[in-house]
Amino acid sequence: MPTSNSHDPADHGHGSHDTSDRSNENTALLPSFLRGEIAHEGESGRHGFHPRHFISVTYKSSNVVSQYVNFLWPFVPLAIIFRYAVPSHPRLIFGLAYVGMIPSANLLGFAGQEFAKKMPKVAGTLIETTFGSVVEIILFVVLIVKHREPVGGEDGGNGDEGNLIPIIQAAILGSILTNLLLCLGLCFFVGGLRKTTQKFHAAISETGNGLLLVAAFGLLIPSAFYSALKGETAMIKSSLGFVIAEAKFTPETLQKDILKISQVTSVVLIIAFGCYLLFNARSQHSVFHEVIEMDEHGDLDREEDQARMRYTGTETTVALIISLVFATLLLIYLVEQIEAVVHSGVPDQFLGLILLPLVEKAAEHLTAIDEAYDGVINVALYHCLGPSIQTALFNGPLVVIVGWILHKPMDLNFEIFMIVLVVLGILVVGNFLRDGESNWLEGVLLVIVYVIIAIASWYYPNPDVATSNGIETLAASTGANNVTIDRALLKDLLAMANLNT
């Protein structure tokens, strides 16, 4: 087993260690991406692909919880079989695919960790975070591809059939809330069980919370714009055939403006995410460097982790491919059954805000909780804040860009209820991070806030019943001409018509 003195691949001798550390303080980290170094933590001592070792390493995973999660693998083939054998049971297929997603995401996260350990430490941290969000990106893309424009049913059907945009919007914000409240709360709780108080670096809370506030501001603007102006829209003609007012600012105009604002905002947020990555890759005083320097010797299970068997480079690639294939298939099955699940009584907002984020972030959550229990609180904290930042600055805006390419009206016009939850959640977490310490009580409080949000989202009505980010309208028809007017205005016009008759 390697000794503790050889933990750093850049350390080639005991006498030069301090000198190299001092010289690295002013050295940019970006060139390290181009080096062929493999940290000793990622060395397997083998080459090629060995089935028995591959299965053994996969089963043991990175921690005990992940090892238990592997017992859920039978749900993966069951979901695939039931999808084609009994397609008339959508809720059963949804349940099997939902549970099967947990081991698939777990394997993807573990393979991402193995790949990251074979890279320089800063590049590895970035890559590990990216792999943790791959499932979420796949989910968003599948949802927007499956989205269909809602068409009002003539027989009293739901006019929002096939409209998956509200679920995507809820899933974007739900992912942020799940990371900030549930995952971070559990990290504080399990870490507090082992150590009374855990201290983390100020760079984590200051940079992470600041970026989240900026991201929330960017996501809030389209919704605020829409809410401020939706009452000012007017139609030129009513269903009764006479002119109401010569208005140029119609609901259709407002909707087009919101879509353009969302698309441009998404491009700007993605640019901001690129700047964030560049900052962390080049600055020795970045979040990544501070986290690694403080925590690399603080892992209580470091020797045990070093003794674990590792994937070879080939095995890592195979694990990534297998997990991505299964995760994509199961996500497609999930999305196919969403309408049936909603019709069975599960609200749209609860599905998007709570259920989907829980399964898509399973691997990231397991990793963060294990790190917090091992005393590596800074890395655990980053695994909570980092994915939230990526969702707000990249994953969410990316699905808007994909919708733009596919000519589907995906925008950032979120429900005001959801936006308020995210902003308050960021403020609550920021307040807990301010003192640079955590304990189990703070963790319990964060989880309680998440549970309250889950309860409220269960009772939140579906978009076809009530919405805060859409104009309440009724459709009326006169021959071949369909027009839409405000509900209250329609009542007034009908009252006028009755008086005239």
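Which residues in α15 are buried? In this predicted model, D348, Q349, F350, L351, G352, L353, I354, L355, L356, P357, V359 and E360 of α15 are buried, where buried means under 20% relative accessible area, exposed over 50% and partly exposed in between, with a 1.4 Å probe and protein chains only. The legends below take this helix and other sites in turn.

The model is predicted, with local features needing pLDDT of at least 70 and side-chain atom pairs counting only at pLDDT 80 or more, while totals for chains, interfaces and linings use all residues. Residues are numbered from 1 along each chain as its sequence is written, and side-chain values use heavy atoms, with hydrogens and water left out.

**View 1. Overview of the protein chain.** The protein chain has 20 helices and 4 strands; these are DSSP runs numbered from the N terminus, helices being H or I with at least four residues and strands E with at least two. Of its 501 residues, 50% count as buried. Among contacts in the chain with a separation of 6 or more, 81% come from residues 24 or more positions apart, a contact being heavy atoms within 4.5 Å.

View 2. Helix α15 has 13 residues and spans 17 Å from its first C-alpha to its last, close to the expected 18 Å at 1.5 Å a residue; the expected span is 1.5 Å times one less than the number of residues. Because 12 of its 13 residues are buried, α15 is largely enclosed by the rest of the structure. Helix α5 (residues 90-117) packs on α15 (residues 348-360) at an angle of about 45°, with the axes 8 Å apart. Axes are lines fitted to C-alpha atoms, for helices over the stretch in contact, and angles run from 0 to 180 degrees between N-to-C directions. The two helices are therefore oblique to one another, given that angles under 35 degrees count as roughly parallel, over 145 as roughly antiparallel, 65 to 115 as roughly perpendicular and the rest as oblique. From α5 the contact draws on F94, Y98, M101, I102 and A105, and from α15 on L351, L355, L358 and V359. These residues divide into 9 nonpolar, no polar and no charged.

**View 3. The kinked helix α17.** Helix α17 (residues 377-405) comprises 29 residues and reaches 40 Å between its first and last C-alpha, close to the 42 Å expected at 1.5 Å a residue. A kink of about 45° is centred on T391, the bend at a residue being the angle between axes fitted to the seven residues ending there and the seven starting there.

View 4. H407 is found in the loop between α17 and α18 (416-433). Its phi is near 60°, a positive value in a residue other than glycine. H407 is exposed, with a relative accessible area of 73%.

**View 5. S133 between α6 and α7.** S133 occupies the loop between α6 (121-132) and α7 (134-146). This residue is buried, with a relative accessible area of 0%. Neighbours within four places in sequence aside, S133 is in contact with K361, P387, Q390 and N395. The C-alpha atoms of S133 and A105, 28 residues apart along the chain, are separated by 9.8 Å.

**View 6. L220 in α9.** L220 lies in helix α9 (residues 202-229) and is partly exposed, with a relative accessible area of 28%. Its C-alpha atom is separated by 9.7 Å from that of E415, 195 residues away along the chain.

Technical notes. Nonpolar A, V, L, I, M, F, W, Y, C, P; charged D, E, K, R; others polar.
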